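Here is a short report on one protein chain. It starts with the overall fold, then turns to aromatic pairs, selected residues and backbone details.

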Amino acid sequence: MTVFFVVLLFMIYSTPVFAADIPQVDKGDTAWMLVSAAMVMLMTPGLAMFYGGMVRRKNVLATFMHSFIAIAVVSVQWFLVGYSLSFGPDIHGLIGGLDWIGLSGVGVEPNADYAPTVPHLAFMIYQGMFAVITPALISGAFAERMKFSSFLVFTLTWTTLVYNPVAHWVWGKGGWLAGLGVLDFAGGIVVHVTSGFSALAAALVIGKRKGFPHESMPPHNLPLTVIGTGILWFGWFGFNGGSALSSGQLSVMAFVTSHTAAVAAMVVWLAIEWIHRGQPTMFGSATASIAGLATVTPAAGFVSPMSAFAIGMLAGAVCYFSLNIKSRIGYDDSLDAFGVHGVGGTIGSISVGVFASLAINDHGANGLIYGQHRLLLVQLGAVAIVALYSFVLTFVIFKAINATMGLRVQHDQEIEGLDVTQHGESGYYM
């Protein structure tokens with residue numbers, strides 16, 4: 001009898017486990033995801049240069065600091081609680097649970113719900129880079145006038161109350177917007193609509209810069225902005241291409257559609273600017289390419305290259321006019337975070353409902369031009385809900401911070417510049 005049990009135990013523990021029973025890590029997919037995560041991380045310093053070149057020289061380091069500190073504080077929040085709130089086991093479609101707090105249970109084995117061919121940790125760190133850059137985008141709305149301490153409180157609060165829930169709604173397993181069929185390939189709703197409409201609320205609450213709009217406030221270093229644009233453009237291939245979560249046909253499609261939309265937006269923008277202002281500008285070229293990339297982001301893995309070309313053309317025209325009507329309306333979105341990301345994210349997310357094709361991505365849906373109207377209605381509803389949620393929550397957060405610790409630097413500090421008054425250093429010593 002003893003021999004029988006020994007043999008039985010040996011058979012149980014030596015029974016081969018079939019490959020289908022264990023999620024398999026694909027080395028190619030994993031390599032692409034890690035490279036993409038690094039590319040998306042590089043976008044945040046790229047954003048620092050893009051924004052930093054646009055402000056006056058007395059505020060360049062303070063503007064840089066908004067992006068660089070976001071890398072640190074949002075990453076810490078993401079590791080401790082943010083990832084679990086965004087992608088953890090679902091609670092009524094509204095938020096992820098705390099099962100993965102402190103990355104508990106997030107290891108090197110794949111998670112079949114999200115990225116079944118790469119380690120769970122690879123998916124986590126990739127998504128973490130999206131969380132990092134999103135509040136940094138908002139900083140363009142209040143550049144040159146916000147207290148650094150208030151920015152830190154805002155960034156942590158906003159990431160927890162706005163970004164994490166919306167990420168779960170759209171991308172989380174069981175999220176309620178995902179359940180309705182909302183499509184957002186790489187963050188048109190989760191990143192650009194949230195940051196863009198939050199930027200609008202922030203600009204309205206914090207008020208205009210001293211001297212705006214009567215005092216001239218041109219970019220102090222356009223070459224720096226252009227370098228930042230190039231880094232952002234490069235990183236966007238990881239932002240959109242990496243969102244395929246594998247290295248294959250879909251990542252190639254997202255890569256190509258991203259570039260197609262960017263160049264289409266630039267050509268249309270410069271043509272309009274040339275007619276409207278008499279000269280094409282480098283500033284316009286840089287802004288246009290970012291507008292095209294932001295606009296195609298939600299659609300990159302759902303549409304064909306020619307559909308992306310149309311989306312980019314639309315971005316170039318609409319975002320150009322959105323920036324030009326800002327002065328007529330009178331609000332001071334310093335670096336056009338709303339005009340580029342809010343407007344672009346909205347156009348792109350709605351365009352998914354028009355141009356999406358199952359022939360491109362069989363996990364998507366057909367849009368209006370392929371005979372289906374439901375997706376367009378779903379996308380319109382999702383944009384409206386997320387835009388309103390982001391605007392209202394940001395408005396409340398800004399009001400609360402202003403009532404408790406204040407938002408703006410003092411008048412004389414704003415005149416002297418935030419580099420010296422907030423950080424005790426200067427970007428230029430000559």
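Helices here are DSSP runs of H or I with at least four residues, strands are runs of E with at least two, and both are numbered from the N terminus. On that basis the protein chain has 16 helices and 2 strands. The model is predicted.

**Overall form**

The radius of gyration of the protein chain is 23 Å. The globule rule gives 22 Å for 430 residues, so the chain is as compact as a globular protein of that length. Along the principal axes, the C-alpha atoms fill a box of roughly 95 × 50 × 40 Å. Of the 430 residues, 56% count as buried. Take the contacts between residues at least 6 apart in sequence: 76% of them join residues at least 24 apart.

The accessible surface of the protein chain is about 17500 Å². Carbon and sulfur atoms account for 70% of that surface. The charged side chains number 16 positive and 20 negative. The centres of these two sets lie 13 Å apart.

**Aromatic pairs**

How many aromatic pairs does the count give? With ring centres required to lie within 6.5 Å, the count comes to 26 aromatic pairs.

Are Tyr83 and Phe123 buried or exposed? Both are buried.

Trp236 and Phe239 share helix H8 (residues 222–241). They are 3 residues apart, about one turn of the helix. Trp236 has a relative accessibility of 3%, so it counts as buried. Phe239 is buried too, with a relative accessible area of 1%.

Tyr83 and Phe123 also belong to an aromatic cluster.

Ser86 lies in helix H3. Its relative accessibility is 0%, so Ser86 counts as buried. Which residues does Ser86 touch, not counting those up to four places away in sequence? They are Trp78, Asn164, Ala167, His168 and Gly172.

Val268 lies in helix H9 (residues 249–277). With a relative accessible area of 16%, Val268 is buried, because the cut-off is under 20%. Leaving aside neighbours within four places in sequence, Val268 is in contact with Met313, Gly316 and Ala317. Val268 and Ala315 are 47 residues apart in sequence, with their C-alpha atoms 8.6 Å apart in space.

**Backbone exceptions**

Most residues other than glycine have a negative phi, and most peptide bonds are trans.

A cis peptide bond joins Phe212 and Pro213, with omega about 5°. Pro213 is placed in the loop between helix H7 (188–206) and H8.

Leu103 is not a glycine, yet its phi is positive, at about 60°. Leu103 falls in the loop between strand E2 (95–96) and H4.

Leu245 also has a positive phi, near 65°. Its place is in the loop between H8 and H9. At 17% relative accessibility, Leu245 counts as buried.

Definitions and conventions. Residues numbered from 1 in each chain as written. Predicted model: local features only at pLDDT ≥ 70, side-chain atom pairs only at ≥ 80, totals over all residues. Heavy atoms only, no water. Rg over C-alpha atoms; globule rule 2.2 N^0.38 Å. Buried < 20%, exposed > 50% of the residue type's maximum accessible area, 1.4 Å probe, protein only. Contact = heavy atoms within 4.5 Å. Areas by Shrake-Rupley, 256 points an atom, 1.4 Å probe, with all protein chains shown as cover. Lys, Arg positive; Asp, Glu negative; His and termini not counted. Charge placed at Lys NZ, Arg CZ, Asp CG, Glu CD. Phe/Tyr/Trp six-rings, centres within 6.5 Å; stacked < 30°, edge-to-face > 60°.
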